[in-house]
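Let's walk through this chain together, from its overall layout down to individual side chains.

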Amino acid sequence: MDLSLRDFFEDGALIINYVSENYKPSKIILLGVGFGCLVATKLAIDAGINDIILINPTFEPVFDYELGLTESARFMLEQTGTLDLNRNAIVEEWLEKLHYSGSLYWNVLGSQISKRLLQEIKHANLRDYFLTSEVCNWLVVLSVVNEQAIQTVSELVKRSKNGRLCCIDSDPLFTHPKAQSEVVLKVREWLDVCP
């Protein structure tokens, strides 16, 4: 939990280089889940990978996360650099706002998160990645589909250079066998028609 976004990006780049040099694949496809969608998208653009699958991506990063913390939680961050999410650290109204944006990763990050990551996450904007990419093909799978999330990602895909959109109304995505099967089938279907 002491890793920063920079650490995630560097680790991902090392993995891509290792796979490329040792296995010589004809194609590399990146898959990001939740918060990992930010990392996967940046890696895809940096490495020139043009196939990416995003499951439950963060469309709007965002809010100032520290404003969503209770006063005691902000004090805890300032004093220790860590945050206990199990001790009423998050302002409920703020969490609902985050949830409504289509982003669910915040409440599953775990009981400890570093202050460094909290600061860096505010500058990672998936919306910018969508709109500035000229090479990526997109498959977006939503684990929790609401009208605003669908509208947001639809607009992003329409405005991107090469957009593909696939919405799956599966909640919860990773615990329900039927939902998992649906995702697997959709991903396989997409890969079959990938150029």
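Among the contacts in this chain with a separation of 6 or more, 70% are between residues 24 or more positions apart. The model is a predicted one, so please read every value here as computed from its atoms. The chain has 195 residues, and 44% of them are buried. Its secondary structure consists of 8 helices and 3 strands, arranged along the sequence as α-β-α-β-α-α-α-α-β-α-α.

S1 runs parallel to strand S2 (residues 51-55), and 4 bridges join the two. If you look for the partner of Gly32 across these bridges, you will find Leu54 in S2. Together, S1, helix H2 (residues 36-47) and S2 make a β-α-β unit, and this unit is right-handed.

What does Leu30 touch, leaving aside its neighbours within four places in sequence? Leu30 is in contact with Ile16, Ala40, Leu43, Ala44, Ile49, Asp51, Ile52 and Ile53.

That leads us to the packing of the interior. In soluble globular proteins, nonpolar side chains tend to be buried together. The largest nonpolar core in this model has 26 residues, and those touching the most other members are Leu30, Ala44, Ile52, Leu54, Leu126, Phe130 and Trp138. At least two residues of this core come from each of helix H1 (5-23), H2, S2, helix H6 (126-132), strand S3 (137-141) and helix H7 (147-159). H2 gives the most, with 6 residues. There is also a second, separate core of 9 residues, which includes Ile53, Ile55, Leu139 and Trp190.

Helix H2 also holds Thr41. Is Thr41 buried or exposed? Its relative accessibility is 0%, so Thr41 counts as buried. Not counting residues up to four places away in sequence, Thr41 touches Ile52, Leu54, Leu126, Tyr129 and Trp138. Of these contacts, Ile52, Leu54, Leu126 and Trp138 are among the residues that touch the most other members of the largest core.

Next, the aromatic rings. A search of the whole structure turns up 1 aromatic pair. The ring centres of Tyr18 and Tyr23 are 6.3 Å apart and the planes meet at 65 degrees, so this pair is edge-to-face. Tyr23 has a relative accessible area of 57% and is therefore exposed. Another ring worth a look is that of Phe9: Lys42 lies over its face, at 5.4 Å from the ring centre.

Finally, turn to the loop between S2 and helix H3 (71-80), where Leu67 is found. In contrast to the nonpolar residues of the cores, which are buried, Leu67 is exposed, with a relative accessible area of 62%. Which residues does Leu67 touch, not counting those up to four places away in sequence? They are Arg74 and Val91. Leu67 and Val91 are 24 residues apart along the chain, and their C-alpha atoms are separated by 8.5 Å.

Key: Residues numbered from 1 in each chain as written. Predicted model: local features only at pLDDT ≥ 70, side-chain atom pairs only at ≥ 80, totals over all residues. Heavy atoms only, no water. Pairing = 2+ DSSP bridges. Right-handed = clockwise from strand over helix to strand, strands pointing away. Phe/Tyr/Trp six-rings, centres within 6.5 Å; stacked < 30°, edge-to-face > 60°. Buried < 20%, exposed > 50% of the residue type's maximum accessible area, 1.4 Å probe, protein only. Lys NZ or Arg CZ within 6 Å of the ring centre and 35° of its normal. Core = buried A, V, L, I, M, F, W, Y, C linked by side-chain atoms within 4.5 Å. Contact = heavy atoms within 4.5 Å.
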